[in-house]
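Please look over the sequence and the model shown below before reading on.

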2 protein chains.
Amino acid sequence: MLRQKLKPFIPILEWLPSYKRAQFSGDLLAGIIVAIVLIPQSMAYAMVAGLPPQVGLYASVLPLMLYSLFGSSRTMAVGPVGLMSLMTGSLLVEMGITDPDQLLSISALLALLSGLTLITMRLLKLGSVINFLSHPVISGFTSAAAILIMFSQLKHLLGIKMPSGLGLAEKIGFTLSNIDQINTVTLLVALFSILLLIIIRGPLTSRLPPSIGGILGKSAPLAVVIISILFAAIFQLSENYQLAIVGAIPAGLPNLAIPEIDLPLWEKILHGAILIAVVGFLESISVAKALASRRREKIDANQELLALGTANLGSAFSGGYPVAGGLGRSMINFSSGANTPLAGIITALLLGFALICLTPYLYYLPRAVLSAIIIVAVSGLIDFKTFKKAWQYDRSDAVSLLTTFFAVLIIGVELGILFGAIISVSLYLHRSSQPHIAIVGRIAGSEHFRNIDRHDVETHPHILALRIDENLYFANTNYLEDKIMEMIVDNSEIKELILICSAINFIDTSALDSLEVIIERLKNAGVTVHFAEVKGPVMDKLKKGNFLAHLGEGKIFLSTHDAFSVLE
Amino acid sequence: MLRQKLKPFIPILEWLPSYKRAQFSGDLLAGIIVAIVLIPQSMAYAMVAGLPPQVGLYASVLPLMLYSLFGSSRTMAVGPVGLMSLMTGSLLVEMGITDPDQLLSISALLALLSGLTLITMRLLKLGSVINFLSHPVISGFTSAAAILIMFSQLKHLLGIKMPSGLGLAEKIGFTLSNIDQINTVTLLVALFSILLLIIIRGPLTSRLPPSIGGILGKSAPLAVVIISILFAAIFQLSENYQLAIVGAIPAGLPNLAIPEIDLPLWEKILHGAILIAVVGFLESISVAKALASRRREKIDANQELLALGTANLGSAFSGGYPVAGGLGRSMINFSSGANTPLAGIITALLLGFALICLTPYLYYLPRAVLSAIIIVAVSGLIDFKTFKKAWQYDRSDAVSLLTTFFAVLIIGVELGILFGAIISVSLYLHRSSQPHIAIVGRIAGSEHFRNIDRHDVETHPHILALRIDENLYFANTNYLEDKIMEMIVDNSEIKELILICSAINFIDTSALDSLEVIIERLKNAGVTVHFAEVKGPVMDKLKKGNFLAHLGEGKIFLSTHDAFSVLE
């Protein structure tokens, strides 16, 4: 009984009992491949956030397990991702924190507060918050974030010391004026790694049969990691050429600990945590939806809030930092044949194993290699296609994409995304504030009425029939009043105005006021206002609002045809 | 030639040359009556802003003249108004300014920056900014502002000393805990004035013939001012009972001066000036529209930006503070028979005369009387009717009204109105994010299709015909995807889906993506997607966006009837 009640909230209760032996080989292979990708990647993302590499590994064990229990997506891989790392890092820099212990405690706290935010959003059923950003804005945001992430790796790629907290332009400026300090060996290691990653993924494996080629391609980061460790160790690149290496990583699983309760500090980082939570949710839900659509599974936005919230709490308690569902990693999981969240559990166990046994071998891993892995991973996020499409289809959407892109690059991730949301919304309001109003006439011999500009139709000198192609609400009431008055003033013959409401799905209180004003003004001008084709739900509301009393001699007709027949 | 070119920008070039002698008597009478109202009122409003009384008079001369030259409204009276005074006052308090000279220079600077803001908005043609606030939000905002203005007068009514910068609740608390300090004479003068204002306006003049009664009623403030000055002077109420009086007002017209250029200071108050400019524009344009509609005149929002901007510059250069079009005063102008802006010029000249000759007589004017005039003037702004209407017609509009009302009372005017705008917009987005989707069928024997829930219609087991009653845009793409997938998953018999687009006026790039995803997913499920009744402008855009290539076997039908005929 209890299990039945819990089922909707704990998806594992649904898929585990019906698990089939045939599903296991896919889950096992996918679990192993994702682990191979995730070990270097999670360390690299921790570096983006300015945290020690083991924090990335910690954030990949417990969160991944918890998501496997609660998530509604069967194949999404949760863990450290670029965007969360970038936002965490910029918040830590903004707060001016440099003490290593404090870095760890505050990044865990961010995960805790993000988790609590997501769970609160679940309780308030705020899954619909994803509706406030348009695709072009998300595209502009993601591309800009990818560029910011790449430039955050500049210092590791070149082996120069750069002060933290620099903007994009300042970073480039600093690099140019310190070009003589570039560490050649570091740069060579980085370039060689990037080249190798691209070659293994592309030309090398594309000629092999897809099954082997795919797996080999996905193991590219592992190959680069092993090769570079061997090189660095054999030639002692760190001691001889100042190549930065990962160094000693504490072995063993993270200690479970509850972050300290320090309310003034919590208040200080809460706004950042909320924004990280919302952006993480946004990223995860679009990844989950993209995967689910390929296998006709259903993603429940509110369930995802719960699952991601729990994953972030897990990250907080095990010394991690904010996590989300990553696109690249989830695609690898999916395409390697993952059938159920068991693949995620296998990945998490392997990462745990790596933490216990493999850390000594990572000592010589060059940081520049991790940067190279990041750069190759996020380069795929830079998206020209959406811009091209928006430019063709709708210029103003293209402009909002570009504006968001530059806003994120110039004023930063946090304000940039808020700015993007404001732009999406303003644009839509602006659009619907000047609705298309068509003068219609009858197609001779029929009951159909069409725009006089597009069709050859019959009109009547005393009757003006207008079809308003938009909901009536506060943003367009002024325009509507002005436009209708203009048309009437221009034509003194008109005695009857028919407002055709076939495209009006909603009339708000402001528009109701406006309609009353229009009726009143036109009455004084000797014109009677009629309505036609009012939809059921709109009519129900008009009746409630005592609007019909204002109509005077005006009538409400079922169809435009009826209205014309009576008024002619 | 030049005059012809300038005409659209300087309305006086239009009305003055065609001025008729018959219009003069109305303009003269209205000009005098408005001056009678404006002299005490403008001093009172200056008090709301925490400024000396003459500043209110200064703000009524040059601004009124300039508006008469540039304004597109023929009867609106511009000058100090409650809302501008409240916002100016709260900004001055926030900045902690107490030095009298600095108060004057910063309030003039606010007028300058507001004026520049309005003129910039004119250049950018941002007259449409008025479209971002719904009527219920404006109503909630205005009512709350009226209450704040009334409570700002509490100290003058009771004759107690109150520290500045208190919130509403703090003011009440302070008064209750200092109730023993109330100056009885001050309180009596205030109550007596309020009573007199109400009686003269109402019972006393309502029985007289409208022409005389109307003029007498409008002179009520003058009567109260004269009576109270006589009383205060004869009984020396100021010396004997500590009644606060206006005292010495510098005689003569204001000196023309250009505010100092102090960029750091400008930057500090710019956000306040912008908000004051927008709110002032909002108030003025609704007053102008209300008046214009009664005489079928046309108000041009962009011309009003220019006129109000110029009026505010005039106020800045002549020692005033931010001005706007006032509702009460403009109604008096209108109903006293003003025909052209000449009435405003006459009012301005009379105020200039008052400044030169009458200031000594105002010495004994009790401040409590000015407070009484304000309270009676703004009490009419508290608006229950809109709330009642919204509550009946649309609960969520009523909720946004209440929320704005309390937000303004609790967090203040500036943030309150931003909050209101955010609520209006979020509510609308939320509304359109879950569009009404109707399954339709054919009314037997006709070509008409209606909702199967509301009508008795024929359907076909292989065909699902959906009418989506909303524009498709980023806020509802998720809902649309989920809803359509749900309907198809629930019914495996369906092979053809017809999306009826008669109510869709707009499809943005996000929705275009979504439609492509839906078509792709349904193709895999063996369902073909067709479209019917796509509007001309929407079709034009779809063609541009290469959308038709994604349709596959799906077709676009002119009418739902055509679609059914072919697919059956």
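Predicted model: local features only at pLDDT ≥ 70, side-chain atom pairs only at ≥ 80, totals over all residues.

Residues are numbered from 1 along each chain as its sequence is written, and chains are lettered from A and ligands numbered from 1 in the order in which they are written.

**Chain A and its domains**

The secondary structure of chain A comes to 26 helices and eight strands, where helices (H or I, at least four residues) and strands (E, at least two) are DSSP runs numbered from the N terminus. Its C-alpha trace spans about 95 × 65 × 60 Å along the principal axes. Of the 568 residues in chain A, 51% are buried; a residue is buried if 20 or more other C-beta atoms, placed from the backbone, lie within 10 Å of its own, exposed if 12 or fewer, and partly exposed in between. Among contacts in chain A between residues at least 6 apart in sequence, 82% join residues at least 24 apart, two residues being in contact if their C-beta atoms, placed from the backbone, lie within 7 Å.

The domain assignment divides chain A into domain 1 (2-10 + 21-130 + 144-241 + 263-382), domain 2 (383-432) and domain 3 (437-567), with bounds that come from an automatic or database domain assignment. The centres of domain 1 and domain 2 of chain A, taken over C-alpha atoms, are separated by 26 Å. Between these domains of chain A, 12 residues of domain 1 are in contact with nine residues of domain 2. On the domain 1 side, two or more residues each come from helix H6 (82-94), helix H8 (135-152) and helix H15 (263-295) of chain A, and H8(A) gives the most, with four residues. By class, this side of domain 1 has 11 nonpolar, one polar and no charged residues; Ala, Val, Leu, Ile, Met, Phe, Trp, Tyr, Cys and Pro count as nonpolar, Asp, Glu, Lys and Arg as charged, and the others, Gly among them, as polar.

**Between the chains**

In the contact of the two chains, 49 residues of chain B meet 50 residues of chain A. Among the elements of chain B that give two or more residues to this side are helix H8 (135-152) and helix H22 (413-433). The side of chain B that touches chain A has 17 nonpolar, 19 polar and 13 charged residues.

**A helix pair in chain B**

Helix H3 (residues 24-48) and helix H18 (residues 342-358) of chain B pack at an angle of about 45°, with their axes 8 Å apart. The residues of this contact divide into 13 nonpolar, two polar and one charged.

**Single residues**

Most residues other than glycine have a negative phi.

| Residue | Phi | Loop |
|---|---|---|
| A:Glu533 | about 55° | between strand S7 (528-532) and helix H25 (536-544) of chain A |

A:Glu533 is buried, with 23 other C-beta atoms within 10 Å, whereas B:Lys125 counts as exposed, with 10 C-beta neighbours inside 10 Å. B:Gly173, in helix H10 (residues 168-177) of chain B, is exposed because it has 12 C-beta neighbours inside 10 Å.

Definitions and conventions. Axes fitted to C-alpha atoms, helices over the stretch in contact; angles between N-to-C directions.
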